[in-house]
Amino acid sequence: MIVPLAEATADTCGGKAGALGTLLRAGLPVPDGFVLPFAAYLDATVLTELGGVLDELGDPPVAVRSSASNEDTAQASAAGQYDSFLAVRGIDAVADAVRACWASLLSPRAVGHRADPVMAVIVQRHLDAEASGVMFTPANPDDTTEIEASWGLGPSVVGGTVTPDAYRVSKDGSTTHTIADKQTRLDRYGTRLVVRDVPEHARRQPAIDDATATRLAELGREIAALLGGPQDIEWAIVDGRVWVLQARPVTAALPRPSALSTTSPAALTGTPGSHGTATGTARVVRGPADFARVRPGDILVCPFTDPAWTPLLRVVSGVVTETGGVLSHAAIVAREHAIPAVLGVPDATSRLRDNTVITVDGTAGTVMTPSRSEGDGSRVPGHR
């Protein structure tokens, strides 16, 4: 009932586990582990087998990840819908994490967004990454590979809690980059995940060098060829070695600023995250306690979005975040829902006033605010 990760296939173990199984069988650097397949969800006695297979791994800290039947498909990533856990150790803790993954099939952010899926669960050796991030391989071989990187574990980049370094690797291997001010990092301490400040001297140091970016791009091309199309790849670096943690189809194209687009001096600027423009009421949301204030058509203004925020992205007309990159969870989900997003706008939650009308251009990466002539910036009558 428990399947080695190298033997996992999508039809019995979900798209996420199936892709990792394909990569392992091709000899690519994926951390080892095992999968509780779809059938195990209907037979919870399988948890009694966990002790033996964990012992075979050496009882290390592990990552426990969802692999649902509707997850990581070419139609939708299901990014953030289901639960995953890092730094889990010991049979009891692993069993609890597996049950939590199963239970997330019924979480508020998943219900109503699914077509009766079933859940497999991946248990995989946890890696203490020195640097990590996300890579999008190109749809056209002549286009660039897009890479985002930061210090520590990957959720900082995936969840958008930092604005990461951004790299573009051309077909010929030439690289351009933008180095960000990476203020925090996530690391494992025992069985806890701890957010800590990055030392001042390291904040603007590149998380990876150009040679590593080129190496990642080469690996990305190999993965895309194996899996049959452009891929959204999570990666990590441990002791100088690159590891692949996840690979799934790219579900929506990245925004490409028009050559004719210009930035108004009055605009706030950030990273273009999702195509299009929207005008609506700014709704400043600093945490879950503010969720009930969001109305259909509002433009979500927030520090960052994590998986718990996914339901909001189904009703708002645009997104503005203070941190995060174009490959983050917020940007991916915004592109899947075809709403514009601008990411990494410093102090957006204080510079944009709640209940004022703003215009978001997710292609140019700008946010326009009301002019001073509009008085106190109260809501425009009759405007969404």
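Reader: In this predicted model, what is the handedness of the crossing of α3 and α4?

Author: Two packed helices are described by the angle between their axes and the distance between the axes. Here the crossing of α3 and α4 is right-handed. Leu50, Gly51 and Leu54 of α3 make the contact with Ile91, Val94 and Ala95 of α4. The packing angle is about 115°, and the axes lie 10 Å apart.

Reader: Are α3 and α4 roughly parallel or roughly perpendicular to each other?

Author: Angles of 65 to 115 degrees count as roughly perpendicular. With an angle of about 115°, α3 and α4 are therefore roughly perpendicular to each other.

Reader: Which residues of helix α3 are buried, and what covers them?

Author: An α-helix has 3.6 residues a turn, so residues three or four places apart point the same way. In helix α3, which spans residues 50-57, the buried residues are Leu50, Gly51, Val53, Leu54 and Leu57. Their cover includes the strands β2 (33-36), β3 (62-68) and β5 (119-125), as well as helix α4 (91-103). Just after α3, glycine 58 adopts a positive phi of about 95°.

Reader: How is β5 paired with β2 and with β3?

Author: In a regular strand the side chains alternate between the two faces of the sheet. In this model, β2 and β5 pair in the antiparallel sense over four bridges, and glycine 33 stands opposite glutamine 124 in β5. β3 and β5 also run antiparallel, joined by seven bridges; on this side, arginine 65 faces isoleucine 122 of β5.

Reader: Why is β5 described as largely enclosed?

Author: Six of the seven residues of β5 are buried, so the strand is largely enclosed by the rest of the structure.

Reader: How many disulfides does a search of the whole structure find?

Author: A disulfide is a covalent bond between the sulfur atoms of two cysteines. The search of the whole structure finds zero disulfides.

Reader: Is arginine 203 buried or exposed, and which residues does it touch?

Author: Buried means under 20% relative accessible area. Arginine 203, at 17% relative accessibility, therefore counts as buried. Arginine 203 is placed in helix α6, residues 200-203. Leaving aside residues up to four places away in sequence, arginine 203 touches Ala180, Asp181, Lys182, Gln183, Asp197 and Val198.

Conventions
Residues are numbered from 1 along each chain as its sequence is written. This is a predicted model: local features need pLDDT of at least 70, side-chain atom pairs count only at pLDDT 80 or more; totals for chains, interfaces and linings use all residues. Side-chain values use heavy atoms; hydrogens and water are left out. Buried means under 20% relative accessible area, exposed over 50%, partly exposed in between (1.4 Å probe, protein chains only). Helices (H or I, at least four residues) and strands (E, at least two) are DSSP runs, numbered from the N terminus. Contact means heavy atoms within 4.5 Å. A disulfide is a pair of cysteine sulfur atoms within 2.5 Å. Two strands pair if DSSP finds at least two bridges between them. Axes are lines fitted to C-alpha atoms, for helices over the stretch in contact, and angles run from 0 to 180 degrees between N-to-C directions. Angles under 35 degrees count as roughly parallel, over 145 as roughly antiparallel, 65 to 115 as roughly perpendicular and the rest as oblique. A crossing is left-handed if the near helix is turned anticlockwise from the far one by less than a right angle, and right-handed if clockwise.
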